[in-house]
Amino acid sequence: MNISKIDLNLLIYLDVLLREKNVTRAAGQLNITQPAMSNGLKRLRTLFNDPILVRTSDGMVPTERARALAPAIRKILLELEEALQGEEEFNEKNSQRVFRLMASDYAASTLLPKLLKRINQIAPNVTIDIMTPSDVNFHDVEAGKIDMAINRFDELPQSFHQKTIWRDSFSCLLSADNPVVEKFNLNTYLSAKHVWVSKTGFGVGVGMDPKDVQKLGWVDEALARIGKQRDIKVFTRNYHVAMQLALEDELVATLPTRAALIHKNDANYTVLKPPFDIPDIELKMIWSPLLHHDASHIWFRQLVIEAAKEG
């Protein structure tokens with residue numbers, strides 16, 4: 001295959017087609033017509049002597065050859081886009097840039113108030129657009145559509161840049177009127193009703209099974225290691241919902257400490273140390289290699305780290 005005769009736009013077409021697995025959606029992503037994308041797929045099939053996408057009862061499915069090509073094509077395009085980005089200075093005082101972040105409500109409520117305070121002081125015209133984990137996916141971050149994702153992540157693509165913002169312990173948040181407050185130990189903790197809360201990574205949450213300890217996360221895995229299990233009354237993916245349920249329904253909310261301490265000065269709540277050991281968690285920020293050398297992004301990343309150090 002003579003590379004000088006290849007239309008490099010076809011590699012972009014291939015990359016989007018393999019992500020979307022749909023000609024119409026792929027055309028929409030590239031702002032071209034559906035017939036133009038269909039013609040592009042036809043040319044790709046000729047170029048690689050392979051169907052690339054095959055129609056099945058489950059929709060369009062990539063061939064083995066296409067699946068093998070996908071990571072290499074993605075890597076080539078990311079490196080090319082990064083190489084073509086020009087150097088530019090960033091003037092934060094006059095900038096009207098919008099930074100789009102994906103953040104769990106744990107990250108948003110504990111980190112972003114400090115970050116916004118700094119932005120208001122030194123970059124008054126910069127705007128923050130906060131999106132939830134279910135609003136975006138890995139491809140959005142990889143393509144640079146989202147400036148940064150801030151959350152706890154179990155697994156990450158190797159192409160992403162990442163930095164740990166902080167490590168956090170766990171605390172128990174209870175209503176001050178909860179009967180177990182007076183004598184809070186492992187036995188009373190287990191006798192109480194609990195609200196489970198967690199949201200890691202990306203995507204829409206799935207239904208939870210109280211018996212599936214491995215999918216319940218840090219708190220329940222820590223209990224399982226000592227042969228115990230808590231009585232979960234409510235499952236939620238929103239930390240503020242968990243806090244409100246702890247107050248109104250006398251549930252125990254076991255949360256990252258920084259989240260629980262939002263209510264440290266509220267007499268209606270009590271924050272207590274868990275009566276068993278729970279490993280710390282890491283809050284990370286991740287971003288695309290396409291943005292790694294961007295002057296405004298470098299400035300913003302440093303601002304996030306400075307805000308996190310405020311404690």
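Colleague: Let's start with the big picture. Into which domains is the chain divided?

Modeller: Keep in mind that we're looking at a predicted model. The chain splits into domain 1 (3-84), domain 2 (98-167 + 282-309) and domain 3 (170-279).

Colleague: How do I read the interface of domain 2 and domain 3, and what area is buried between them?

Modeller: The general idea first: the size of an interface is often given as the accessible area lost when the parts come together. Here, domain 2 and domain 3 bury about 1,500 Å² between them, and carbon and sulfur atoms give 60% of that. Their centres, taken over C-alpha atoms, are separated by 26 Å. Domain 2 brings 20 residues to the contact and domain 3 brings 16 residues.

Colleague: Which residues in domain 2 lose the most area to domain 3?

Modeller: Look for Asp105, Tyr106 and Arg152. Together they make up 43% of what the domain 2 side buries.

Colleague: Now the helices. At what angle do helix 1 and helix 2 pack?

Modeller: Two packed helices are described by the angle between their axes and the distance between the axes. For helix 1 (residues 9-20) and helix 2 (residues 23-30), the angle is about 130 degrees and the axes are 9 Å apart. Helix 1 and helix 2 are therefore oblique to each other. The crossing is right-handed. On the helix 1 side you'll find Ile12, Tyr13, Val16, Leu17 and Glu20, which meet Val23, Arg25, Ala26, Gln29 and Leu30 in helix 2. That contact has seven nonpolar residues, one polar and two charged.

Colleague: And how far apart are the axes of helix 1 and helix 3?

Modeller: Those axes are 10 Å apart, and helix 1 packs against helix 3 (residues 34-48) at about 105 degrees. Helix 1 and helix 3 are therefore roughly perpendicular to each other.

Colleague: One more pair: how do helix 6 and helix 12 cross, left-handed or right-handed?

Modeller: Right-handed. The axes of helix 6 (residues 112-122) and helix 12 (residues 295-308) come within 8 Å and cross at roughly 125 degrees, so this pair is oblique. Among the residues that meet are Leu115 and Ile119 in helix 6, and Trp299 and Phe300 in helix 12. The contact divides into eight nonpolar, no polar and three charged residues.

How values were computed: Residues numbered from 1 in each chain as written. Predicted model: local features only at pLDDT ≥ 70, side-chain atom pairs only at ≥ 80, totals over all residues. Heavy atoms only, no water. Axes fitted to C-alpha atoms, helices over the stretch in contact; angles between N-to-C directions. Helix = DSSP H or I, 4+ residues; strand = E, 2+ residues; numbered from the N terminus. Parallel < 35°, antiparallel > 145°, perpendicular 65-115°, else oblique. Left-handed = near helix turned anticlockwise from the far one by under 90°. Contact = heavy atoms within 4.5 Å. Nonpolar A, V, L, I, M, F, W, Y, C, P; charged D, E, K, R; others polar. Domains from an automatic or database assignment. Buried area = accessible area lost by both parts, 1.4 Å probe.
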